[in-house]
Amino acid sequence: MRMSDIIEEFIKDMLSEDNEAIIQRNDLAQHFNCVPSQINYVISTRFTPIQGYYVESQRGGGGYIKIEKVQMTKSDYLMHIITSIGDKMTAKEVEVFVNNIQGQDVINEKQAKLIKSATSDQVLNRAGNEKDQIRASIFKNMLITLLKTGWRRKLKC
């Protein structure tokens with residue numbers, strides 16, 4: 001397990017108690033015997049609004065980093081994702097979004113595989129220069145369909 005994964009799990013354990021963690025970056029870096037920028041990296045890449053977290057940072061002598069797990073309904077979460085999708089997306093970007101959505105238990109493993117498959121480079125190769133625009137459109141429409149019907153009817157994909 002990589003150091004970033006270990007730090008992420010440690011912070012998530014802290015969050016599991018009351019959906020909020022207040023940490024001292026330097027103290028955490030000392031605890032894991034790493035540089036403080038490693039803590040910054042973990043927080044900025046693994047505790048983002050898209051992943052359902054709110055991060056507040058207070059700098060200075062008594063500074064801290066406060067991480068809150070935002071409680072959202074599945075509908076709110078999907079709407080947040082849909083509105084954050086731009087005009088173009090790479091296959092890797094879709095994969096990250098899908099993994100996050102699955103991690104929030106909004107979709108199951110089979111649905112995740114279906115979305116990744118439908119938006120893969122292998123499928124969109126013939127689209128040429130427009131494949132990233134088409135991918136974004138397909139992904140957004142799949143999420144809208146999930147929003148309208150997905151988990152309510154408990155589809156068995």
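Visitor: Quick one to start: does Lys-12 count as buried, partly exposed or exposed?

Guide: Lys-12 counts as partly exposed, because its relative accessibility is 31%. Buried means under 20% relative accessible area and exposed over 50%, with partly exposed in between (1.4 Å probe, protein chains only). Before we go on, this is a predicted model: local features need pLDDT of at least 70, side-chain atom pairs count only at pLDDT 80 or more, and totals for chains, interfaces and linings use all residues. Residues are numbered from 1 along each chain as its sequence is written, and side-chain values use heavy atoms, with hydrogens and water left out.

Visitor: Which residue does Lys-12 form a salt bridge with?

Guide: Its partner is Glu-8, with the closest N and O atoms 2.9 Å apart. A salt bridge here is a side-chain nitrogen of Lys or Arg within 4 Å of a carboxyl oxygen of Asp or Glu. Both Lys-12 and Glu-8 sit in helix α1, four residues apart, which is about one turn of the helix. Glu-8 counts as buried, because its relative accessibility is 13%.

Visitor: What else does Glu-8 form a salt bridge with?

Guide: Arg-46 forms one with Glu-8, and there the closest N and O atoms are 2.8 Å apart. Arg-46 is in helix α3 and Glu-8 in helix α1, so this pair ties together parts that are 38 residues apart in sequence.

Visitor: And which residues are linked in that network of salt bridges?

Guide: The network links Asp-5, Glu-8, Lys-12 and Arg-46. The side chains of Arg-46 and Asp-5 meet at 2.7 Å, N to O. Arg-46 lies in helix α3 (residues 36-46) and Asp-5 in helix α1, so that bridge ties together parts 41 residues apart in sequence. Arg-46 is buried, with a relative accessible area of 14%, whereas Asp-5 counts as partly exposed at 23%.

Visitor: How many salt bridges does the count come to?

Guide: The count comes to nine salt bridges.

Visitor: Let's zoom out. How many helices and strands does the chain have?

Guide: Eight helices and three strands. They are DSSP runs numbered from the N terminus: helices are H or I with at least four residues, strands are E with at least two. Along the sequence the pattern reads α-β-α-α-β-β-α-α-α-α-α. The C-alpha trace spans about 55 × 35 × 30 Å along its principal axes, and 32% of the 157 residues count as buried.

Visitor: Now the inside. How many residues has the largest nonpolar core?

Guide: It has 19, and those with the most contacts inside it are Ile-101, Ile-107, Phe-139 and Leu-143. By nonpolar core I mean a set of buried Ala, Val, Leu, Ile, Met, Phe, Trp, Tyr and Cys residues joined through side-chain atoms within 4.5 Å. Helices α4 (74-84), α5 (91-103), α6 (109-118) and α8 (131-148) each supply at least two residues of this core. Helix α8 gives the most, with five residues.

Visitor: Which residues does the second, separate core include?

Guide: That core has 16 residues, and it includes Leu-15, Ala-21, Ile-43 and Ile-67.

Visitor: Tell me about Ile-67. Where does it lie?

Guide: Ile-67 is in strand β3 (residues 64-69). It counts as buried, because its relative accessibility is 0%. Leaving aside neighbours within four places in sequence, its contacts (heavy atoms within 4.5 Å) include Ile-11, Asn-19, Phe-47 and Tyr-53.

Visitor: Phe-47 and Tyr-53, then: what kind of aromatic pair do they form?

Guide: The structure holds three aromatic pairs, and Phe-47 with Tyr-53 is edge-to-face: 4.8 Å centre to centre, 70° between the planes. Rings of Phe, Tyr and Trp (its six-membered ring) pair if their centres lie within 6.5 Å; planes under 30 degrees apart count as stacked, over 60 as edge-to-face and the rest as tilted. Phe-47 and Tyr-53 are both buried.

Visitor: And Phe-10 with Phe-32: how far is it centre to centre?

Guide: It is 5.2 Å, with 85° between the planes, so by the cut-off of over 60 this pair is edge-to-face as well. Phe-10 lies in helix α1 and Phe-32 in helix α2 (residues 25-32), so the pair ties together parts 22 residues apart in sequence. Phe-10 is partly exposed, with a relative accessible area of 30%, whereas Phe-32 is buried at 12%.
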